[in-house]
Amino acid sequence: MQRLTNSRLAQSDARIAVALLLAAAVCLVFSSPKWLVPAAAWLAPAFLLYYVQYVTIRRKWLWFLLATVSANVAALLDVMPFPWFVMAGVLLFDGAKTILLFMLHRWLVRDRTAFVWTLVFPALRAVREYVETRGDIGTFASVANTQFAFPWLVQLAAVTGLWGI
């Protein structure tokens with residue numbers, strides 16, 4: 001009886017994992033410059049955070065990488081001016097940076113429940129955005145570029161810079 005219960009829990013966890021990764025992948029695609037749905041840029045990290053914090057399937061990080069890289073390849077296929085294999089390599093490197101960001105968040109937060117710990121991921125994300133905008137591509141890949149539909153939010157850039165958005 002116990003084995004059947006564990007099997008059902010594993011199937012349920014796998015279904016939740018697939019649903020979360022699929023939702024995040026769809027949001028990543030729709031937050032790309034091709035389709036640009038501003039709310040999708042907020043929803044994708046939320047689905048991924050829930051996946052990282054609560055899903056306990058085997059090879060969780062491999063599935064995470066596969067979902068995010070394939071969604072980004074689909075989203076940026078006609079946007080980035082590179083051959084597909086170069087773009088896939090760049091996005092694989094970006095996926096590794098994303099996994100590192102979520103792993104760092106998972107390690108820092110663990111099982112803490114105080115409100116202040118909800119600010120860890122936005123702070124890590126802002127640091128990543130700041131470091132990446134100092135590189136060669138500048139603000140091309142910044143998530144702030146997706147938020148033009150919210151003028152009240154874009155005005156925050158006057159105080160915090162692009163990284164506050």
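Helices here are DSSP runs of H or I with at least four residues, strands are runs of E with at least two, and both are numbered from the N terminus. This is a predicted model, in which local features need pLDDT of at least 70 and side-chain atom pairs count only at pLDDT 80 or more, while totals for chains, interfaces and linings use all residues. Residues are numbered from 1 along each chain as its sequence is written, and side-chain values use heavy atoms, with hydrogens and water left out.

In helix α2, residues 40-54, Tyr-50 and Tyr-54 are four residues apart and therefore separated by about one helical turn. The structure holds eight aromatic pairs, where rings of Phe, Tyr and Trp (its six-membered ring) pair if their centres lie within 6.5 Å, and planes count as stacked under 30 degrees apart, edge-to-face over 60 and tilted for the rest. Tyr-50 and Tyr-54 form a tilted pair, at 4.8 Å centre to centre with 45° between the planes. With buried meaning under 20% relative accessible area, exposed over 50% and partly exposed in between (1.4 Å probe, protein chains only), Tyr-50 is partly exposed at 44%, whereas Tyr-54 is exposed at 55%.

Elsewhere, Tyr-51, Trp-61, Phe-64, Phe-102 and Phe-121 form one aromatic cluster.

Turning to the helices, the contact between α4 and α5 (heavy atoms within 4.5 Å) includes Phe-102 of α4 and Phe-121 of α5 among its residues.
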